[in-house]
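Colleague: Could we go through this one together? I'd like to start with the strands and then move on to the DNA.

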2 protein chains.
Amino acid sequence: MVKLTDVAKVAGVSPTTVSRVINNYGSLSETTKQKVFAAMQQLNYQPNSLARSLQGKQTKLIGLIFPSVANPFFGAMVSLLETQLFAKGYRVMLCNAGDDPDKERACLRMLMANQVDGIIAGAHNLGIQEYEQTGLPIISFDRYLSKTIPIVSSDNAQGGRQAGQLMVHAGVKRPHIITSWQQPNSPTNQRLAGYYAALKAAGLTASRSILNFQLSPTLKLVQIKQLLTRAERPDGIFCTDDLTALLVLQVAQQLQLQVPTDLSVIGYDGTPFMQAYHPELTTISQPIDDLVTLMIDLLLQRIKNTDCHLEAQYTLPVKVIAGTTV
Amino acid sequence: MVKLTDVAKVAGVSPTTVSRVINNYGSLSETTKQKVFAAMQQLNYQPNSLARSLQGKQTKLIGLIFPSVANPFFGAMVSLLETQLFAKGYRVMLCNAGDDPDKERACLRMLMANQVDGIIAGAHNLGIQEYEQTGLPIISFDRYLSKTIPIVSSDNAQGGRQAGQLMVHAGVKRPHIITSWQQPNSPTNQRLAGYYAALKAAGLTASRSILNFQLSPTLKLVQIKQLLTRAERPDGIFCTDDLTALLVLQVAQQLQLQVPTDLSVIGYDGTPFMQAYHPELTTISQPIDDLVTLMIDLLLQRIKNTDCHLEAQYTLPVKVIAGTTV
DNA sequence: TAAATATTGTCACACGTTTGACATTTAGGC
DNA sequence: GCCTAAATGTCAAACGTGTGACAATATTTA
C-alpha cells in the first residue's frame, strides 16, 4: 500500500511537508505543493482514512439503518441520502434491518465499532435506550425514539385527513383503511387518526385491516381478497403505503371491480418511481427530497455541535397526487 | 469513548488480557473471560475497528458500486448483498454512481481510502484501468471489465433467445427490441444477439430502439408512444429491463392496444418485486439470489487469497416467468 | 548586508489496538 | 513442598497519519 512517506520520497520532500500539503496548514510554497500533488497523482495515493480518523479527525462516515432498500420507498430515500451525503464529503454505511430487532441491534453495534460520525435511522424495531446508548448524533425518520432524538417525518395526520376528504368527496359509503402492524410510536397511527377524523366530520366511520409491513405480498393478496369478497365489502380503501395499494388494485381487477366506480383506492408515499410507473394511483406524496435534505442538515448540525438545540419534531407537508383511482 | 483500557480497569485485569479475550489467543481461564465479557457488556464496549484495522487486520468492509438503489432491481440486489455479507461479518459501504464517470471515480478513490477489503461493482461508466489501479479484489456484475476481474451475470444470450422464441411462438410478425444505450462491454448486447438469433431461425428480423438507461421515464414514454403510433408499428416488444416493459404496457393501455392480442410484451430481470406487483408481465428472470451468493463467494475467495484462480466469467441460467403479456 | 520572514526539515508523541517477548504469579499433581 | 504448566502481567513496537516544538535553511525586505 502506498503511504505518505512514499509520496514524500517521490516528491523529494519530508513526510511532514506532504502532510502539510494534504491538510493545508503551515506555510507552503506553490512549487512544493505542485511537486507533492504530482507525486500523489503519480502514485495514485489516497490518505488512509483509518489512520487519519484514528488520529482524531472525524471518520466522515454516516450509518443508515432502514428496513430494506428492496422497498422502492426506502430505496429512493437511501439513494438520495447517499447522493447528497457524498456530495458533502460523507460516506455511507448501509444496514438493512428488516423487521429484526437483533439485526438492528447488531447494526448499531457495528456502526459504533466503525466510529461513524452519525446515524440516520428509518427502521425502528428497537426501543429508545439502545439508540441513546450509542452516544452518537442520530436523526430518526418518521418514528418517535426519544426526546433527544429529532424526528423528521411527513405530515402523517394531514395526509390521513386528505385521504379521508378524498373519500368523502368521492361519495364513498363504506370506507376502509389498511395499515401496517400498529406500534405505539408508529407514524401510521397519525395517518389513521387523520383519516378517521376527516371521515367522522362527514358522518362516516371506517373499518380497518392490519397487514404487517414485512408480510409477503402473496399473503397480503390473500387477505385483501377476503376483504373484497366479504358481504359488506368496502367501496373505498386507504392504504398507508403505495405497494399495498397496488395489491388492492390487482385484486380489484381480478374480481372485476371497477376502479373507482366500485372501489376507490388511495395510497401513501408517492415516490418518483410510483408517479412514473403508476400514474393511475391516487396517493399522498411525501416530499422525499426535502425530507432527505432536512435530515442531513440536522444531522450535520448535531455532528458539528453535539449539544446544539434541535426541535423534537420536524413535520413536512404532504401533497395529493391525483390519479384515477378515486 | 470507552476503550480497551477502560474495560481492563473495570474487569480488574491488564489491557493485554482484555485483548487476549477479544481475540481469543494465549491461554485464558474461564473466570477471567467472564469478568472481561461482563465489563465489556457493562460499558457497552465496542473495539474500535479503525484501530484494529490499522494494526493490520482486515477492515471487513466491502464497497458496493451500483447505478442507484432507487432502481428496484439494484435495490433488491444491494439488499441481498448487504444481508448476506452482514451475516458473514462484513459491512457495506454504498455508492450510487448513477451514469456519472466522475462520481464512480470518486467512489473508487474513497473506497480505497477507506481500505475496503473488496468491491462488488455493478455500475460501469469507467474503463478497465481505473479498476485495476485500485489493486483490490473486485467482482463485476454483468459487465466486462478485464481479464483479471471475474464477471458474474445471468445468461443474457439465453434470455434473449428465449424472448425471441416466445415472440415466434406467439405468432408475432413485426418484432421489436428496446435496449439501453449500447456500450461495447454491455450485457444488453448479448440479449440483443440472442433475440436476433432466435427470430432469424424463424425467418424474422426485429427492429430496434435505444433508450438510455438513465433517461427519465417521462421521456421514455414519449419515445415509446412514437414507436407505437408509427405506421408499421411492432406487434411484439422485448424490453431489456422490466421497467421499460411497464412503460410499454402503460402506453399500450393509453392507446387502447390489447395486450397480448395487438401487442406482446416481454421484460427482463424478474425481481421478486416485479413478480409480486406485476404478475401479468411476462419476463426473463435473473436468478438474483444465486447471483448474489456467487458474487460474495468469489469475492471472499479473492480476499482470502489474492491470487487464487477464478474463471473470467460465470454465467447463471435465466428463467421465463410466464405472465399474460405474450 | 543584515534583519525579518517564509519555507522546509527533524523529531517526538498521540490515536486504540494487536502481538510478541519475557517475567511473574497461580494452580494442579505428585 | 517441588516441579510443571497454565494464567496473567509488563513492556514495547507497530499500523499510517496529524500536529506541535524547534531548528535549519531560503527568500524577501529594508
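Colleague: How do E5(B) and strand E11 of chain B pair?

Modeller: In this predicted model, where local features need pLDDT of at least 70, side-chain atom pairs count only at pLDDT 80 or more and totals for chains, interfaces and linings use all residues, they pair in the parallel sense over four bridges; strands are DSSP runs (E, at least two residues) numbered from the N terminus, and pairing needs at least two DSSP bridges. Ser154(B) has Leu316(B) as its bridge partner in E11(B).

Colleague: And what about E4 of chain B and E5(B)?

Modeller: Those two also pair in the parallel sense, over two bridges, with Ile151(B) as the bridge partner of Ser140(B).

Colleague: Are the faces of E5(B) covered or open?

Modeller: Both are covered, since Ile151(B) and Ser153(B) on one side and Val152(B) and Ser154(B) on the other are all buried, meaning under 20% relative accessible area with a 1.4 Å probe, protein chains only.

Colleague: What does Arg20(B) approach with its side chain?

Modeller: One of its polar side-chain atoms lies 2.7 Å from a base nitrogen of DNA strand D, whereas Lys3(A) places a polar side-chain atom 2.7 Å from a phosphate oxygen. Side-chain values use heavy atoms, without hydrogens and water, residues are numbered from 1 along each chain as its sequence is written, and chains are lettered from A and ligands numbered from 1 in written order.

Note on methods
Buried < 20%, exposed > 50% of the residue type's maximum accessible area, 1.4 Å probe, protein only. Polar contact = N/O pair within 3.5 Å; in protein donor to acceptor, adjacent residues only side chain to side chain.
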